[in-house]
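These are my notebook entries on a two-chain model.

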Amino acid sequence: MLLGVFISIYIMTLVLQMIVPFIVRETIVFGVTVPDQNIKHPVLANMKKRYAQIVGGTGIVLLIVMIISYNILTSESNQSMVLLGCLFSMLTLSMVLYWVNHQKILTLKKQEQWGVNIKQVRAVDLTARSRDEMLPWSFFAIPLGIAGFLIIYSILHYDQMPTNIAVHWGPNGEADAWRNKTYLSAISLPLSMLMMQCMMWGITDSIKRSAIKIAVNRKAESLEDQLKTRKYMSWQILLVSYALTVLLTVLQLSNIYPAMTVGYKLLPVFVLFLAVVLGSLFIYVVKKRKYRVRYEENIDSQIMDVDEDRYWRGGLIYMNRQDPSIFVEKRFGVGWTMNLANPRGYIVIVLPFLLLLLISIFSL
Amino acid sequence: MFIQIEPQSDVPIYEQVTRQIIEGIARGDMKQGDTLPSVRSLAADLGVNMHTVNKSYHELEAKGIIAIRAKSGAIIRSTEERALTHAQLQQIEKNLKPVVAEGMVLGATVEQIEHMMKKVFADLQIPAEGV
């Protein structure tokens, strides 16, 4: 069971790592802005291909190592150590390769003076906002209501709960850690659920307020890509939020009604949760790739998008004081990343996260 | 309707935004009654401070081109609402003066400058007629 769950997560991560260079904007290669005029430089395509080959090849070797050592090793702690070790080796390798390629492209860009004499322009569609299809906040308020209801319900049924409250569950759906019953530990689960839902709501709301970025030389297509990305992102977050709500609600109810946990009754809920989370991510990536702006050849134009490389530390961490956006699309990876120079982001994301951490420390 | 700004240009960004919106209206890309995006979203999309966009919107309001309403946002005023006043004409003349003067100093004739004016007028009208 553990191997099955872990391997599916591992394969998912491996595939994502391999295809990242092919799903992000073509004008950003390994975290470096490439002007539209140089986009078909032969080095770039080669570099992406090599990266995918090395990560993929090593990933498969590690996968075989995982399966063999899992069957040889007998102690559970050794098994999980090997599994985690392999996952992190794969991630480290892809990060190192990313870094090497990032530096190589930076040097090449400097040497060949890409974009030196090209005017940098930022384009905005004034009607884009009216076409934005992100889900309204009310969709995210429903799970919040459920969490609130569950907290009240748990307090009302406090006497009915067992003296030891399950706070942690293994991958097979069986509780494996308990705490003494107090009012805090009785509601810690729905309380953490509330915080996670707040975070997801905050993320969606912040993405909504963040920039719709248009490529100046491919305006119509890139706008379409942006609108679709935003729409599917909000759907994905909503789906994860609902899945989480269902999972944690069932777990909390099983604390109030212990009969629910008899046998492997909770297992399907765990499997379903994992399937929804991984599945929605997969669909998001597929959709993202579908609407991605494609370049057949170098673009012959006098203008290019604003080169924001100097705001990206190592091409991964975004810090731009001037930019009011809280979230920007990742330059290497799937999804969005925070503008660390914008204090609003800390309130929306870090505050609920800290509260979540506090709840776990004190009650779990 | 697309607008484009150059962050590295000598022209301040709020000025670029104002000009582009005015040109968009002149061209007919935006019509009376159309709403401009909220200050917050336009600032986010442009990647600039909210004050920059705010300044531009207030300038457009002062010129009588848009009306800023508390609930519905910035709306482009109708041609009747923005009927040309004497003061506005004077302002336009004042703005034209340095440009024409520059032309004179460099040796442009009245005919050449007149021709330029007509050309700019025609350029802005062409897409509108196409629609």
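Entry 1. Strand pairing across the chains.
I began with the term on which the pairing rests: two strands pair if DSSP finds at least two bridges between them. I also note at the outset that the model is predicted. With that criterion I looked up strand β3 (residues 119-125) of chain A and found four bridges joining β3(A) to β1(B), the two strands running antiparallel. For individual positions, I recorded Ile5(B) in β1(B) as the bridge partner of Arg122(A). I also recorded that Ala123(A) stands opposite Gln4(B) of β1(B).

I then asked which strands make up the sheet and in what order. The sheet is open and has three strands, in the order β6(A)-β3(A)-β1(B), with mixed pairing. β6 (303-305) of chain A and β1 (2-5) of chain B stand at the edges with a single partner strand each, so each has one side without a neighbour in the sheet. Direction ignored, neighbouring strands of this sheet are turned by 45° against each other on average.

Entry 2. The contact between the chains.
I next took the contact between the chains as a whole and found 21 residues of chain B in contact with 21 residues of chain A. On the side of chain B that touches chain A, the elements giving two or more residues are β1 and α2 (39-46) of chain B. I noted that α2(B) supplies the largest share of that side, with seven residues. By class, this side of chain B divides into 13 nonpolar, five polar and three charged residues.

Entry 3. Chain B by itself.
I counted five helices and three strands in chain B. I read their order from the N terminus as β-α-α-α-β-β-α-α. The C-alpha trace of chain B spans about 50 × 35 × 30 Å along its principal axes. Of its 131 residues, 21% count as buried. Among contacts in chain B between residues at least 6 apart in sequence, I found that 50% join residues at least 24 apart. Chain B is divided into domain 1 (13-76) and domain 2 (86-130). I noted that the centres of these two domains of chain B, taken over C-alpha atoms, are separated by 24 Å.

For chain A I recorded eight helices and 10 strands. Along its principal axes the C-alpha trace of chain A spans about 75 × 55 × 30 Å. Chain A has 364 residues, of which 35% count as buried. Of the contacts in chain A with a separation of 6 or more, 74% are accounted for by residues 24 or more positions apart.

I looked up the domain division of chain A and found domain 1 (1-112) and domain 2 (126-364). Their C-alpha centres lie 24 Å apart. Between these domains of chain A, 23 residues of domain 1 are in contact with 30 residues of domain 2. The elements giving two or more residues to the domain 1 side of this contact are α1, β2 (32-33) and α3 of chain A. The largest share of that side, six residues, comes from α1(A). I classed the domain 1 side as 14 nonpolar, six polar and three charged residues.

Entry 4. Helix packing in chain A.
I asked at what angle α2(A) and α3(A) pack. Helix α2 (residues 42-72) and helix α3 (residues 76-111) of chain A pack at about 170°, their axes 10 Å apart. Since angles over 145 degrees count as roughly antiparallel, α2(A) is roughly antiparallel to α3(A). The contact of α2(A) with α3(A) has 16 nonpolar, seven polar and no charged residues. Residues of α2(A) in this contact include Tyr51(A), Ile54(A) and Leu62(A), and those of α3(A) include Cys86(A), Met90(A) and Leu97(A).

I then turned to helix α1 (residues 2-23) of chain A, which packs with α3(A) at an angle of about 5°, the axes being 11 Å apart. α1(A) and α3(A) are therefore roughly parallel to each other. Phe6(A), Tyr10(A), Thr13(A), Leu14(A) and Gln17(A) of α1(A) make this contact with Leu83(A), Leu87(A), Met90(A) and Ser94(A) of α3(A).

How values were computed: Residues are numbered from 1 along each chain as its sequence is written. Chains are lettered from A and ligands numbered from 1 in the order in which they are written. This is a predicted model: local features need pLDDT of at least 70, side-chain atom pairs count only at pLDDT 80 or more; totals for chains, interfaces and linings use all residues. Domain bounds come from an automatic or database domain assignment. Axes are lines fitted to C-alpha atoms, for helices over the stretch in contact, and angles run from 0 to 180 degrees between N-to-C directions. Angles under 35 degrees count as roughly parallel, over 145 as roughly antiparallel, 65 to 115 as roughly perpendicular and the rest as oblique. Two residues are in contact if their C-beta atoms, placed from the backbone, lie within 7 Å. Ala, Val, Leu, Ile, Met, Phe, Trp, Tyr, Cys and Pro count as nonpolar, Asp, Glu, Lys and Arg as charged, and the others, Gly among them, as polar. A residue is buried if 20 or more other C-beta atoms lie within 10 Å of its own, exposed if 12 or fewer, and partly exposed in between; C-beta atoms are placed from the backbone.
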